[in-house]
Amino acid sequence: MLKSKRDRGRILTASGLKKLNEALQEWSDRYNIRGTLTEIEAESGVGADTVSKIKQGREGADLSKIRQLFAAFEMTLANGDHRSAKLEEPENLDELDNLQAGETASSRIVKVFVSYRSAEPDRELGKQLEMALSAIGHTVFTAENNIRLGDNWFERINLFLQECDYLLLLLPPTENQSELLTYQVQQAKELQDSRPDRKPIILPIRVGFPLNAPLNHDLRGYLYRIKQREWKTTADTPIIIEEVLKLLAETPAPVTEETEDLTQQQLLEISSDEIPLPAAEPELPGGQVDVASQFYVERPPIEERCYQTIVQPSALIRIKAPRQMGKTSLMARILHHGARQGYCTVPLTFQLVDKGVFANLDKFLKWFCAYVGRELHLPNQLEDYWDEIFGSKVNCKDYFEKYILPQIDSPLILGLDEIDRVFQYPDIAEDFLGLLRAWHEESKRRDIWKKLRLIVVHSTEVYIPMNINQSPFNVGLPVDLPEFNHQQVQELAARHNLNWSDAEVEELMAIVGGHPYLVRVALYHISRSGLTLDELKETAIADGGIYSDHLRRQLWNLEEYPELAQGMREIAAADSPVQLKAMQAFKLDSLGLVKLQGNECVPRCELYRQYFQSHLSAIV
């Protein structure tokens, strides 16, 4: 027997959902309760499953139950508060008129990837958004609904991002901002850079995460100048939904190219000259460590030597280390030290530069000059100093020598972070790096150039063929950041309020070595959640373990490049060091997965050996 249309039940419209959520919030505030489904069931007499169905709107509920729920919280259910569960089949003309009035409908159909974590309240908000978007015909992707057991997580996420018009990003508080979240945003930005329509458009919503609270270092750069919204309570849900639906119904305005404007504070979060007291809450590591953080551990004599060098004319500091070893954090401290001496400081992270900037040397150097000038709050005067007769390098040099440097009364420190990105463009890299070396040489003999100090930060060996006299990588102060030693790990444990013995420190280092990021992740979870070292060893490489997010991302990095995956498989399986091609070894080292011993490689730590033995064993 065929069901009638009425058998499908009713779901709440945006206005109805708003009324219900506001009433539930007022009720829970009044009685100082959480407002769980069980509590709502006890108050209203409507079953918890039905309440959930009404709140989520994923399938129709009996109209009498919706009326009962509204009446229990002293509300009257109006006609405009509910509609047929099948929006495309309205039951009557009044309902059709309501729909056409624009309450939630949109004639513009788009594809949306709704990204949220599985914990509440993020998941509930994500489900509500998914329901509202799907109800009017938008195609919606979510990890929960579209990634099945056994699927390759990274491949599926990449597919969603490639297909979607919008990335609706639910941002949790800083301590819950994972590497995988950052990966999604990074991939979305890279896709934007490669497409004329700049899709997917990113729509960030902070969930229980105030707008004035800082994002982690990478997200701060990727999301800068993107307007964000904040969700505080369930009362905000219908407001957020209404705004999202309205935005998706509009055709996006044409994108105009603008120079990125990542200010010192946004990139470096220099917030205080004072170090917090030891009672400070442990911080979940992720990106650059704030200069005011007690969880930055110095590696003497590196910091002091850098501070002494940067105040000298002709200073050039080269910081090299694999990913997540603390390069950006050290650069931030050097810049902060310079700022306290009254110097001008400009941090520039090449990883956040649009691909289009690297189209050719002329465009790149114009962008470089404009960026530095903007960070110093100087008007753009490129037209006055750029003459094609003289070539890009001469024009760039003139712009600094005749405009930027004369405009400032104190030395200028340029912090060039992740300069490896430039290595990917050999035609630009050779000329740009040669220009930096030329400026360094000029600073030894001309007063105007003595104002310029350089910090160059990179992860991998410099594999751009360069004349030894034109390279900035064989002059200045070299800094090769080492791992933490036993004493530094013990000191960091103490800052996490852990009174560890030498044996406990050795036990942790047997798993992760002295890798700063891996050590800090372990200490954070041990201090915050009572994780024991034995439990850490048992779950270190397991799905759901404290390193699962990090390890999956590293695995994806390798799977993207089969030659690197093959090399890592050999290294993880071997009982002795393995010799690889130089480029393979450099790239694995820059990812932080191996240690180089001459021309040979070993896994950086036991954690990586075990994980990649297990997960790369199928590679032939």
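This briefing describes selected features of a predicted model. Residues are numbered from 1 along each chain as its sequence is written. Because the model is predicted, local features need pLDDT of at least 70 and side-chain atom pairs count only at pLDDT 80 or more, while totals for chains, interfaces and linings use all residues; side-chain values use heavy atoms, with hydrogens and water left out. Helices (H or I, at least four residues) and strands (E, at least two) are DSSP runs, numbered from the N terminus.

- Five strands form an open sheet in the order 4-3-5-6-7, with parallel pairing; two strands pair if DSSP finds at least two bridges between them.
- Strand 4 (139–141) and strand 7 (229–231) are the edge strands, each pairing on one side only.
- From one strand to the next, the twist averages 25°.
- Strand 5 and strand 6 run parallel and are joined by six bridges, and Y166 stands opposite I201 in strand 6.
- Strand 6 (residues 201–207) and strand 7 also run parallel, joined by three bridges; here I205 stands opposite R229 in strand 7.
- Six of the seven residues of strand 6 are buried, where buried means under 20% relative accessible area, exposed over 50%, and partly exposed in between (1.4 Å probe, protein chains only).

**Helices on the sheet**

- Helix 11 (residues 237–249) lies across strand 3, strand 5, strand 6 and strand 7, at about 150° to strand 7.
- Such angles run from 0 to 180 degrees between N-to-C directions, and the axes are lines fitted to C-alpha atoms, for helices over the stretch in contact; contact means heavy atoms within 4.5 Å.

**Aromatic rings and charges**

- The whole structure holds 21 aromatic pairs; rings of Phe, Tyr and Trp (its six-membered ring) pair if their centres lie within 6.5 Å, and planes under 30 degrees apart count as stacked, over 60 as edge-to-face and the rest as tilted.
- F358 and Y425 make a stacked pair, with 4.4 Å from centre to centre and 0° between the planes.
- This pair links distant parts of the chain, 67 residues apart: F358 is in the loop between strand 9 (344–349) and helix 15 (361–375), and Y425 is in the loop between helix 18 (420–423) and helix 19 (426–442).
- F358 has a relative accessible area of 5% and is therefore buried.
- Ring pairs link F358 and Y425 into a cluster with F350, F364, W367, F368, Y371, F400, F432, W439 and W449.
- The charged end of R333 sits over the ring of Y296, 3.7 Å from its centre; a charge sits over a ring if NZ of Lys or CZ of Arg is within 6 Å of the ring centre and within 35 degrees of the ring normal.
- R206 lies over the face of F209, 4.3 Å from the ring centre.

**Two buried residues**

- V475 is placed in the loop between strand 11 (452–458) and strand 12 (477–480), and counts as buried because its relative accessibility is 12%.
- Leaving aside neighbours within four places in sequence, V475 is in contact with L316, R318, R437, H440 and E441.
- V475 and H440 are 35 residues apart in sequence, and their C-alpha atoms are 8.9 Å apart in space.
- N395 lies in helix 17 (residues 392–407) and, at 1% relative accessibility, counts as buried.
- The side chain of N395 reaches the backbone oxygen of G391 at 3.0 Å.
- Not counting residues up to four places away in sequence, N395 touches Y385, W386, D387, E388 and F390.

Methods. Polar contact = N/O pair within 3.5 Å; in protein donor to acceptor, adjacent residues only side chain to side chain.
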